[in-house]
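Please read it alongside the model.

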Amino acid sequence: MNNMFIPSFIYGQILSSTLFMLMCLLQFYYTVSFSAQMTQRAEATAILLNESFYNDAGRCVEQSIEMFTLEMLHRDYRVRIYDCFALDFTLAHSAAATMTTYLILLVQFGLNNY
């Protein structure tokens, strides 16, 4: 009978590594979620401002608000990292797809060893 004894410190290492990975993923998710939510709110601000100003203000104020809202509508509010890629859920989806692909490759190479 082959009795495999796994030392208890191995379980501690596995648990520690798993918790660390989960905390990193949770931090990444919250960073991406906050950036996407901030972008969505910033884009909605111009529309709300344009809908809410009244015509009883003077013509100068009306033109200023209109020019300000037009400028806001044409601006890109996405959070970008070094102007290379946007920090939103697209990044999270791409990261998950990349990790899944590498995991499949590791499993396939691992199966070749047996």
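Start with Asp-76. Its relative accessibility is 44%, so Asp-76 counts as partly exposed. The model is predicted, and the values here are computed from it.

Asp-76 has a charged partner. Its side chain meets that of Arg-78 in a salt bridge, at 3.1 Å from N to O. Arg-78 is partly exposed too, with a relative accessible area of 40%.

How many salt bridges does a search of the whole structure find? The search finds three.

| Salt bridge | Closest N and O atoms |
|---|---|
| Arg-75 and Glu-71 | 3.3 Å |
| Asp-83 and Arg-80 | 3.2 Å |

Next, the pair Arg-75 and Glu-71. Their closest N and O atoms lie 3.3 Å apart. Arg-75 has 47% relative accessibility and is partly exposed. Glu-71 is also partly exposed, at 43%.

Now the pair Asp-83 and Arg-80. Their salt bridge has its closest N and O atoms 3.2 Å apart. Is Asp-83 buried or exposed? Asp-83 is exposed, with a relative accessible area of 63%. That value falls in the exposed class because the cut-off is over 50%.

How values were computed. Residues are numbered from 1 along each chain as its sequence is written. This is a predicted model: local features need pLDDT of at least 70, side-chain atom pairs count only at pLDDT 80 or more; totals for chains, interfaces and linings use all residues. Side-chain values use heavy atoms; hydrogens and water are left out. A salt bridge is a side-chain nitrogen of Lys or Arg within 4 Å of a carboxyl oxygen of Asp or Glu. Buried means under 20% relative accessible area, exposed over 50%, partly exposed in between (1.4 Å probe, protein chains only).
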